Amino acid sequence: MSDRRRLTLTRRAALGLTAGVGLGAGLGSFSPAVASPAGYPKGQRPRLLNVLAEDGLSPAERTLATTLQGLMARRGGESLYLNIPSLGYQYWLDDLVSKYGVRTRTGDLWKTVSRSGVNGYVLFRTGTPSVNVATTLAGLTGAVAIEESLEATAIQAGLRKVLDVRDKDDRWVFDNYWRRLRHDVAVEQSTNWPERLRDYVTMAGTFAFFDGNSDFRAEVVNALDDDATVIGWGDASNGEDAFIGVNSAAGVKALPADHARNLSVLSGIREDRLEQRGGGGGRALDPDPQAHYVTFLITDGDNIQWALGDFPTDKRWFGSPRRGEVDLGWGISPSLIDLAPSVMRWFYANSKKDRWVVGPSGGGYMYPSRYPAAALEKHTASLAQAMGRADLSVAQIIDFNSFENTRLWSSYLKRREIDGLIYLEYSRYDGLKGKVVWSEGKPVISARTMLWDGLDGADEASVTAELNAATRNPHSTAGYSVVVWHAWSKSVDNVLAVVDGLDPHVKVVPPDTLVRMVGKYAKP
């Protein structure tokens, strides 16, 4: 880690309350974003939301709206909400109203600016790195980000220019402001997106950057704290391991969220503890000696933007009208207990025969075998705490050739909150064909097979045949199968096509049930 991360963050520095910055008079009493026990900054509880239709705003207005949203979320009370009615954002808005007593009204962007108390702006230019610069500095100065096409309107609204960053880039921010930014969270966001994640950057007082897979990116990641989080997504043009590997070697995890909206508002809700309701409670069943037990588990459960967006509405996934016909396993990020607890509660409340496990590889996407030992210990400790709060007992792992490294899994499985791990070899996920290893007396179970369009042996007929021919013995690890189904090429309907072809002796159970049964009945 770089010595840069050892610089002290004072409250005044984090808020930009130093000479020469243009903090709006109405923002001077703001408190900094408070970090949860897992380390995620949270907004304050919203009471009134000015609801804006995202498609009714120009790209420049969206950047203004989201940086304003982040500033307002620091103090709670009145804020704004960018809605996309066709996605999950309508669900989350309705839930805030019905379950948490939040009031709403149709928003007017410039009237909200006027009421906010903000009196300054940071000027940027579309199509340049300056949009990330302005987003970052909005969090330090208490000023909103204004694209140059809106400057005249901003001046007319009574705003004054604090900084002109049109010729600045991420390196300039890093060299001049790093000591005043958070080192436990950073946001990796393409300049192509004018609104996504920007409210959270501004609310949290963190660094927004994007520079492909450059040396500068590696420098930023190495300057972060042990087990810090990069929220967003990197340049995956040469494969996601190009940047997840760099993160992992630095002891930093990723939360895929570059298309997320409204996190500054959603994080303002507090839930100390949540409880799953579906799938029979995930308990171990009394074993049938003639049965083979199988669970179906979706991929990509670490993906926050998907959980917030079309995952709950799309008929391929949680929005399927056939959900509830069979026990299904879904992945979820434990970070939602802090970043969007109302969303996590909604998923649990609307579960039928659904059970949830932690997406790869715990608190965020990383490769545990490449994580420094001290960072991994910190990671699994905070992961266990979040899993306890979120009623999660099983975590998925993605890694490279590390299945047999039981010392690695000890860091996870020595935690009482974690009953077992489901291991996915990076390529292919089912490469270990259901092998099981043990650590701390708990199982690490590899995927036996998978549903994945275009891959040999991963079609419905092949998976059905493999499961029907599998060992019938619940006292052997061979008597259990994890089937991973690819989120982007398969659907609930594809899973049910397999289930419909299973012989009566093949029993479908939730993933946490299967893990507990392996641990109870198949231990060597």
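This is a predicted model: local features need pLDDT of at least 70, side-chain atom pairs count only at pLDDT 80 or more; totals for chains, interfaces and linings use all residues.
Local features need pLDDT of at least 70, and side-chain atom pairs count only at pLDDT 80 or more. Residues are numbered from 1 along each chain.

Q: How do you know that β6 and β7 pair?
A: Two strands pair if DSSP finds at least two bridges between them. Strands are DSSP runs of E, at least two residues, numbered from the N terminus. Four bridges join β6 (residues 120–124) to β7, so the strands pair. They run parallel. Phe-124 has Glu-147 of β7 as its bridge partner.

Q: What makes β7 and β8 the edge strands?
A: The open sheet has three strands in the order β7-β6-β8, with parallel pairing. β7 (144–147) and β8 (160–164) each pair on one side only. The twist averages 40° from one strand to the next.

Q: Why is helix α2 said to pack on the sheet?
A: Contact means heavy atoms within 4.5 Å. Helix α2 (residues 59–73) touches β6 and β7. Its direction makes about 175° with that of β7. Such angles run from 0 to 180 degrees between N-to-C directions, with axes fitted to C-alpha atoms.

Q: Which values describe the packing of α9 and α10?
A: Two packed helices are described by the angle and the distance between their axes. The axes of α9 (residues 215–222) and α10 (residues 241–249) come within 9 Å and cross at roughly 35°.

Q: What makes up the contact of α9 with α10?
A: Arg-217, Ala-218 and Val-221 of α9 meet Phe-243, Val-246 and Asn-247 of α10.

How values were computed. Side-chain values use heavy atoms; hydrogens and water are left out.
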